[in-house]
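Student: I have a new model open and need a tour of it. Please start with the terms and keep it plain.

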Amino acid sequence: MAIVEVKVPQLSESVAEATLLQWKKQPGEAVAMDEILIEIETDKVVLEVPAPAAGVLAAHVVGNGGTVVSDQLIAQIDTEGKAGAAAPAAAAVATAPAAAAPAGADKSGVAMPAAAKLLADNNLAASAVAGTGKDGRITKGDVLGAVAAGAAKPAAVAAPAIAVPAAPAVAKPLPAVKAPAAQNLGDRPEQRVPMSRLRARVAERLLQSQSTNAILTTFNEVNMAPLMDMRKKFQDKFEKEHGVKLGFMSFFVKAAVHALKKFPVLNASVDGNDIVYHGYFDIGIAVGSPRGLVVPIIRNADQMSFADIEKKIAEFGQKAKDGKLGIEELTGGTFSISNGGTFGSMLSTPIINPPQSAILGVHATKDRAVVENGQVVVRPINYLAMSYDHRIIDGREAVLGLVAMKEALEDPARLLFDI
């Protein structure tokens, strides 16, 4: 038997641990090299773990829902095995984490609440399951893995006198991890679902932002007619030339960079008692995904053309939809833009994405009655909102910065001449 280990990919320094989602292959099944075995969820992205070699999956060392860290062993592949013949090996391998546990590890066998219930349901003793959670605690995934591997029942059960039939050739598949069923409370049902790592991280950062920043929001309105006319005039030629549609976000990014150059403190961040002024413009674009809010970064946006920005935004949107954004694409950023207008929002007060000091909120463009030269006219108006950290950004810089964005959007030629 030639065993190849499957380990957790290297996580970024800011990611302490991750959660295994659903195994796509069960012990005893054949796997091809680079075939995706499982997805791992961090508080930023979902990573795919490919098979490092072809063969037969010998065992799941960590089951569905288990908590893991960088470079941790999660499965083993028998490169010389045959499909359907790996079940006996799987049971032996599943106990490996307990034997290989470091001397200083916590071996108290403390089970997490969900894991304790599973132990009771399957008549298993905590000592029969190796814990892979923090400080050696037993997770729900550990119990599921033990059940699938055929862990022995405790001695208290009068089963030893009965001959136990041999395990089938193919190991029993792990049960699917599903959200808890809604409780039957008549016409007032409830459902309790644990937060994903991403949702928990978003919640943590939002609370951090509100508790550490002195957040203030300034508003202004933009007449989008000149920009809409320019877009309508050139969008067909633009798409034909560059292979991507001309949207409004590239103009908002360009207008933001235009203002950040005029007022560098809007592009700065706080580090202790220091203000860090960034000489580059990495713009975060808030994107809604099936897993929650993510903010991929357009790096060096000041050096990119409108076409480059539109292509990058389209790429981020597709990756967010498919869950393919990488950690490096979500790290950093000096200023962010949130486009609530996509969903019909008229006004909002966006929350700063720490450690940044300002964020621009863009909203839906609607025809509104406005006064021009003493006359009431109808114009397509977009309300802009910029939240900023009042600890380092004074009202003057914030208001003038937003005015600079407004002027650039109402007269796009300013972006060409940087005025």
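Predicted model: local features only at pLDDT ≥ 70, side-chain atom pairs only at ≥ 80, totals over all residues.

Tutor: Helices (H or I, at least four residues) and strands (E, at least two) are DSSP runs, numbered from the N terminus. Val403, for one, has its place in helix H9 (residues 395-410).

Student: How many helices and strands does the protein have?

Tutor: The secondary structure comes to 10 helices and 19 strands.

Student: And what percentage of the residues count as buried?

Tutor: Of the protein's 419 residues, 42% count as buried. Buried means under 20% relative accessible area, exposed means over 50%, and partly exposed is in between (1.4 Å probe, protein chains only).

Student: Back to Val403, then. Is it buried or partly exposed?

Tutor: Val403 counts as partly exposed, at 23% relative accessibility.

Student: What about aromatic pairs: how many turn up in the whole structure?

Tutor: The search finds 1 aromatic pair. The ring centres of Phe251 and Phe306 are 4.9 Å apart and their planes are at 50 degrees, so the pair is tilted. For the cut-offs: rings of Phe, Tyr and Trp (its six-membered ring) pair if their centres lie within 6.5 Å, and planes under 30 degrees apart count as stacked, over 60 as edge-to-face and the rest as tilted.

Student: Which helices do Phe251 and Phe306 lie in?

Tutor: Phe251 is in helix H7 (residues 249-262) and Phe306 in helix H8 (residues 306-322), so the pair ties together parts that are 55 residues apart in sequence. Phe251 counts as buried, at 4% relative accessibility.

Student: How do H7 and H8 pack?

Tutor: They pack at an angle of about 115 degrees, with axes 9 Å apart. Axes here are lines fitted to C-alpha atoms, for helices over the stretch in contact, and angles run from 0 to 180 degrees between N-to-C directions.

Student: Which residues make the contact?

Tutor: From H7 there are Met249, Ser250, Phe251, Val253 and Lys254, and from H8 there are Phe306, Ile309, Glu310 and Ile313. Contact means heavy atoms within 4.5 Å. The contact residues of H7 with H8 divide into 6 nonpolar, 1 polar and 2 charged. Ala, Val, Leu, Ile, Met, Phe, Trp, Tyr, Cys and Pro count as nonpolar, Asp, Glu, Lys and Arg as charged, and the others, Gly among them, as polar.

Student: Which ring does Lys254 lie over?

Tutor: Lys254 lies over the face of Phe306, 5.7 Å from the ring centre. Arg231 lies over the face of Phe248, at 4.7 Å from the ring centre. The rule is NZ of Lys or CZ of Arg within 6 Å of the ring centre and within 35 degrees of the ring normal.

Student: New topic, strands. Where is Ala75 found?

Tutor: Ala75 is in strand S8 (residues 73-78), and it is buried, with a relative accessible area of 0%. Leaving out residues up to four places away in sequence, Ala75 touches Val4, Glu5, Val6, Trp23, Leu57, Ala59, His60 and Val61.

Student: Now the loops. Which residue has a positive phi of about 70 degrees?

Tutor: That is Asp34, which is not a glycine. Asp34 has its place in the loop between strand S3 (30-31) and strand S4 (36-41), and counts as exposed at 53% relative accessibility. Asp71 has a positive phi of about 65 degrees and is not a glycine either. Asp71 lies in the loop between strand S7 (67-68) and S8, and is partly exposed at 47%.

Student: Where is the cis peptide bond?

Tutor: The cis bond joins Pro354 and Pro355, with omega about 5 degrees. Pro355 is in the loop between strand S16 (335-339) and strand S17 (358-362).

Student: Last one: what is His390 in contact with?

Tutor: Neighbours within four places in sequence aside, His390 is in contact with Ala214, Leu216 and Gly395. His390 lies in the loop between strand S19 (375-389) and H9.

Technical notes:
Residues numbered from 1 in each chain as written. Heavy atoms only, no water.
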